[in-house]
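Trainee: I would like to go through the terms applied to a model and see what each of them rests on. Please set the values against the cut-offs.

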Amino acid sequence: MDFAAIIVAAGRGERAGGAKQWRDLGGKAVARWSLEALLTAGATDAVVVIPPDDEAKAQAAFAGLGGWRSVPGGAERFDSVRAGLDAIGEACPEAVLIHDAARPFLDPKLIVRLVQVLDGADAAIPALGAVDTLKRLGPDGQTKTADRTGLWRAQTPQAFRLGLFRAAVAGWVSDAPPTDDAQVAERAGLTVKLVDGDPRLFKLTHPEDFAMAEALAFARPTRIGQGFDVHAFCAGDRVRLCGIEIAHERGLAGHSDADAGLHALTDALLATIGAGDIGDHFPPTDPQWKGADSAVFLRHAAALIARRGGHIVNVDVTLICESPKIKPHRQAMRARLAELLEIDIDAVSVKATTTEKLGFAGRGEGIASLAVAAIQL
């Protein structure tokens, strides 16, 4: 089932010290964690509802990501949800997921489960059972133990069949705004199913919550992969390395564009998830890849990682050759890799070395490349 996503990020976050959606968490903005997860899970349209004067902050937080747009929010959260629904428009998917930006550790697998449950329900929400003993404090200061049977703690994202939820929102009448979106669906008589939630999907509310969030941000397993590639020189007047074309007295021989840098990096990324090598995905015996831009190969590897819920931490490419000179083109190569992988340029390293005239590279017979990639999964 196709779905749109609304990320509610219009709050001022006073209790958490202000503007928590744009604060750095594990190397990226809090709100970016959620947007990446929703896009990875297949959102066909992502609307981020932000404070009216925060467009520049949103652009900086989501740099390199496509498939999203922002709209200004309202005074209350429910006003922001309405703004997000209006932005989706009439020609839209069957379902919508609404998520609080202040819950950064969203697993794409949870999103998939929610959408699947919608096949047999009007709405689906993640929730955690109440496991602690609950106390109710009376006006006299005396506590009483409350029955926790059947009590659940609701989380987001909350998933709805879009047409039904639009009607429920239009019919909401109350002096007080709803505490969550499922309350609107319940009031309208819609069927709301519970899906097992995720303890890591807690809401950043107070300043001390960020200490726990930082620990979780760096607790994801890190995988390392390496790749190696080599191409011989041939007749020609230019070479392509790390996606950049460089004038040269010779070209590089290969079935595709012979970009040794991109080939090595593609293999390194595939290695992080045990997905074989570049030849498994793009066989040199297949004529459709003759002369192909190796950017296709690299994007494919990055997409496979994203589908597994992975995040590229950093990449490092070493080009081994006597010529051409790499240093004048290094920044352009870093920028191109950052663009292709949709990561910050600070997470991209490109460097070059020689073999002191030893071996085939030292004799000027070709170019070799080594690459290393790290991902969190």
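Trainee: Which residue stands opposite Ala159 in E11?
Mentor: Leu97 stands opposite Ala159, and on another strand Ala124 also stands opposite Ala159. Keep in mind that this is a predicted model, in which local features need pLDDT of at least 70, side-chain atom pairs need pLDDT 80 or more, and totals for chains, interfaces and linings use all residues. Residues are numbered from 1 along each chain as its sequence is written, and side-chain values use heavy atoms, with hydrogens and water left out.

Trainee: What makes E6 and E11 a pair of strands?
Mentor: Two strands pair if DSSP finds at least two bridges between them. Strand E6 (residues 95-100) is joined to E11 by four bridges, therefore they pair, and they run antiparallel. Strand E7 (residues 123-129) is joined to E11 by two bridges, also antiparallel, so E7 and E11 pair as well. The labels H and E come from DSSP runs: helices (H or I) have at least four residues, strands (E) at least two, and both are numbered from the N terminus.

Trainee: Which residues cover the two faces of E11?
Mentor: In E11 (residues 158-161), Gln158 and Phe160 are buried on one side, and Ala159 and Arg161 are buried on the other. In a regular strand the side chains alternate between the two faces of the sheet.

Trainee: Why is Arg161 called buried?
Mentor: Buried means under 20% relative accessible area, exposed means over 50%, and partly exposed lies in between (1.4 Å probe, protein chains only). Arg161 has a relative accessible area of 18%, so it counts as buried.

Trainee: What makes Arg161 and Glu94 a salt bridge?
Mentor: A salt bridge is a side-chain nitrogen of Lys or Arg within 4 Å of a carboxyl oxygen of Asp or Glu. The closest N and O atoms of Arg161 and Glu94 are 2.2 Å apart, so the pair qualifies. It links distant parts of the chain: Arg161 is in E11 and Glu94 in the loop between H3 and E6, 67 residues apart. Glu94 is at 44% relative accessibility and therefore partly exposed.

Trainee: How do you know that Arg77 and Asp181 form a salt bridge?
Mentor: Their closest N and O atoms are 3.0 Å apart, so they meet the cut-off. Arg77 in helix H3 (residues 77-88) and Asp181 in helix H6 (residues 181-187) are 104 residues apart. Arg77 is partly exposed at 26%, whereas Asp181 is buried at 1%. The structure holds 19 salt bridges.

Trainee: Why is Lys357, which pairs with Glu322, called exposed?
Mentor: Lys357 has a relative accessible area of 60%, so it passes the cut-off for exposed. Glu322, at 22%, counts as partly exposed. Their salt bridge spans 3.6 Å from N to O.

Trainee: What makes up the largest nonpolar core?
Mentor: A nonpolar core is a set of buried Ala, Val, Leu, Ile, Met, Phe, Trp, Tyr and Cys residues joined through side-chain atoms within 4.5 Å. The largest one has 42 residues, and Leu241, Leu265 and Leu269 have the most contacts inside it. Among the elements that each supply at least two residues are strand E14 (238-241), helix H8 (260-272) and helix H10 (295-307). H8 gives the most, with seven residues.

Trainee: Which residues make the nonpolar surface patch?
Mentor: Phe228, Val230, Phe360 and Leu370 make a patch of about 330 Å². Patches are made of residues with over 30% relative accessible area and no salt bridge: nonpolar side chains (Val, Leu, Ile, Met, Phe, Trp, Tyr) are joined within 5 Å, like charges within 9 Å. The areas come from the Shrake-Rupley method with a 1.4 Å probe, and for residues only the protein chains shown count as cover.
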